[in-house]
Amino acid sequence: MTTRWLTPKEQRAWRAYLAASHLLEDALDRQLQQDAGMPHLYYSILANLSEAPERRMRMTELAEGLKITRPRLTYAVTRLEKDGLVGRESCRWDKRGSIAVLTAEGMAVLERAAPGHVETVRAALFDRLTAEQVEQLEEICASVADGLQGDEGAAPEDVPWRRRSSPSCS
């Protein structure tokens with residue numbers, strides 16, 4: 001099999017993407033740590049739960065929405081639960097599942113953190129783009145995400161939320 005090396009133009013685009021994505025995630029984490037004492041992932045969990053019916057969501061659906069592994073979500077929800085921001089309930093229709101629930105305190109923390117978070121997202125990303133570039137960004141990201149998510153018949157290891165655990169180092 002012959003390696004299909006990146007062209008110089010593709011290499012520049014790839015490196016620009018990596019730099020932008022790492023810097024953006026760092027900016028979001030720093031702002032949320034400073035304003036709310038939590039990383040971006042924890043904020044994202046609270047935000048997703050706030051948009052769910054009755055502020056409740058099955059853990060597997062939450063992992064899928066966040067595009068993370070179930071063990072990573074379980075760890076994060078456990079930490080948020082200790083802080084009183086999220087609760088957990090047994091799933092009534094599936095004894096193997098559990099439901100994450102945004103608490104009133106979690107909603108209050110989210111409401112306090114949201115304005116600063118939105119301003120950081122706006123300043124770091126959207127204020128730097130034209131309206132046309134925003135449309136292009138959405139189209140590009142959706143295309144990449146669709147290609148990487150695979151379809152329902154994909155193997156469990158193909159997408160993070162279907163993985164049961166991290167691979168072992170053996």
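## The loop between α2 and β1

Arg-55 sits in the loop between α2 and β1. This is a predicted model. Phi of Arg-55 is near 55°, a positive value, and the residue is not a glycine. How exposed is Arg-55? Its relative accessible area is 34%, so Arg-55 is partly exposed.

Glu-54 has its place in the loop between α2 (40-51) and β1 (56-58). Its phi is also positive, at about 55°, although Glu-54 is not a glycine. Is Glu-54 buried or exposed? Its relative accessibility is 65%, and the cut-off for exposed is over 50%. Glu-54 therefore counts as exposed.

## The chain as a whole

The protein chain has 6 helices and 3 strands. In what order do they come along the sequence? The pattern reads α-α-β-α-α-β-β-α-α.

The protein chain has 170 residues, and 29% of them count as buried. Now take the contacts between residues at least 6 apart in sequence. Of these contacts, 52% join residues at least 24 apart.

## Helices α1 and α5

Helix α1 covers residues 8-36, and helix α5 covers residues 104-124. Their axes come within 10 Å. They cross at roughly 155°. Angles over 145 degrees count as roughly antiparallel, which makes α1 roughly antiparallel to α5. The crossing of the two helices is right-handed.

Which residues meet here? On the α1 side they are Leu-24, Ala-27, Leu-28, Gln-31, Leu-32, Asp-35 and Ala-36. On the α5 side they are Ala-113, Gly-116, His-117, Thr-120, Val-121 and Ala-124. By class, the contact of α1 with α5 has 8 nonpolar, 4 polar and 1 charged residues.

How many aromatic pairs does a search of the whole structure find? It finds 1. The partners are Trp-14 and Tyr-17, and their ring centres are 5.7 Å apart. The ring planes stand at 25°. Planes under 30 degrees apart count as stacked, so this pair is stacked.

Both Trp-14 and Tyr-17 lie in helix α1. They are 3 residues apart, about one turn of the helix. Trp-14 has a relative accessible area of 43%, so this residue is partly exposed.

## Helices α3 and α4

Helix α3 runs over residues 59-66, and helix α4 over residues 70-82. The axes of the two helices are 9 Å apart.

In α3, the residues in contact are Met-59, Thr-60, Leu-62, Ala-63 and Leu-66. They meet Arg-70, Leu-73, Thr-74 and Val-77 in α4. This contact has 6 nonpolar, 2 polar and 1 charged residues by class.

## Arg-72 in α4

Helix α4 also holds Arg-72. With a relative accessible area of 48%, Arg-72 is partly exposed. Where does Leu-41 stand relative to Arg-72? Along the chain, the two are 31 residues apart. Their C-alpha atoms are separated by 9.9 Å.

Definitions and conventions. Residues are numbered from 1 along each chain as its sequence is written. This is a predicted model: local features need pLDDT of at least 70, side-chain atom pairs count only at pLDDT 80 or more; totals for chains, interfaces and linings use all residues. Side-chain values use heavy atoms; hydrogens and water are left out. Axes are lines fitted to C-alpha atoms, for helices over the stretch in contact, and angles run from 0 to 180 degrees between N-to-C directions. Helices (H or I, at least four residues) and strands (E, at least two) are DSSP runs, numbered from the N terminus. Angles under 35 degrees count as roughly parallel, over 145 as roughly antiparallel, 65 to 115 as roughly perpendicular and the rest as oblique. A crossing is left-handed if the near helix is turned anticlockwise from the far one by less than a right angle, and right-handed if clockwise. Contact means heavy atoms within 4.5 Å. Ala, Val, Leu, Ile, Met, Phe, Trp, Tyr, Cys and Pro count as nonpolar, Asp, Glu, Lys and Arg as charged, and the others, Gly among them, as polar. Rings of Phe, Tyr and Trp (its six-membered ring) pair if their centres lie within 6.5 Å; planes under 30 degrees apart count as stacked, over 60 as edge-to-face and the rest as tilted. Buried means under 20% relative accessible area, exposed over 50%, partly exposed in between (1.4 Å probe, protein chains only).
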